[in-house]
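Dear colleague,

I am handing over the structure below, and would be glad if you could look through it alongside my notes.

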Amino acid sequence: MSESQDCLFCKIIAGEIPSTKVYEDETAYAFKDINPKAKVHVLIVPRRHYANVAELAKADPAELAHIAEVAQSIADKEFHGAYRLVFNTGLDAGQTVFHVHAHVLTGEKLDE
Ligand code: AMP
Ligand code: ZN
């Protein structure tokens, strides 16, 4: 079985596991985090499977830039363009799903 066949976020992108869609286009999908850490907490994923942000940056830097643009557009709608963008990378940094995802935290003033 390939890595992506066993991947929670690949299944969400494929519609095999339900999610609350926030945005989608040909290469990216954004959905609400099931356990929000801010008033608005969205995850943005590339449709193609990469394990982490470094793999994505190496294989497809334009897609990483695209994810940053999608984050900005979500925050423009939700909170005058202010947001925090986080890529947890590695088990010891709290990464639990090994399909790269940007956490977009916005919708309210965030703690420093
Ligand atoms: P990380 O810990 O950086 O790998 O982030 C994984 C995130 O995925 C966590 O914030 C979880 O709350 C979130 N998550 C896990 N399962 C789901 C799901 N089925 N739908 C939406 N978000 C999820
Ligand atoms: Zn995946």
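What follows concerns the ligand, its surroundings and the pocket.

This is a predicted model, in which local features need pLDDT of at least 70 and side-chain atom pairs count only at pLDDT 80 or more, while totals for chains, interfaces and linings use all residues. Residues are numbered from 1 along each chain as its sequence is written, chains are lettered from A and ligands numbered from 1 in the order in which they are written, and side-chain values use heavy atoms, with hydrogens and water left out.

Around ligand 1 there are 16 residues (a heavy atom within 4 Å), of which Asp33, Asn88, Gly94, Thr96 and His103 come nearest. A polar side-chain atom of Asp33 lies 2.5 Å from an oxygen atom of ligand 1, and polar backbone atoms of Gly94 and Thr96 are each 2.7 Å from an oxygen atom of the ligand. The protein covers 83% of the 510 Å² of accessible area (Shrake-Rupley method, 1.4 Å probe) that ligand 1 has on its own.

By class, the shell has seven nonpolar, seven polar and two charged residues, with Gly counted as polar.

The space taken by ligand 1 is the largest pocket, a pocket being an open set of points on a 1 Å grid over the protein atoms alone, where a 1.4 Å probe fits, with protein on both sides within 12 Å along at least five of seven lines. About 370 Å³ of space lies in this pocket. Among its 23 lining residues (an atom within 4 Å of a point), the closest to the centre are Phe9, Asp33, Ile34, Asn35 and Leu43.

Best regards

Notes
A polar contact is a pair of N or O atoms within 3.5 Å; within protein, one must be able to donate a hydrogen and the other to accept it, and residues adjacent in sequence count only if both atoms are side-chain atoms. A molecule sits in a cavity or pocket if more than half of its atoms lie within 2 Å of its grid points. Grid points are joined across faces, edges and corners, and a volume is the space filled by probe spheres set on the points.
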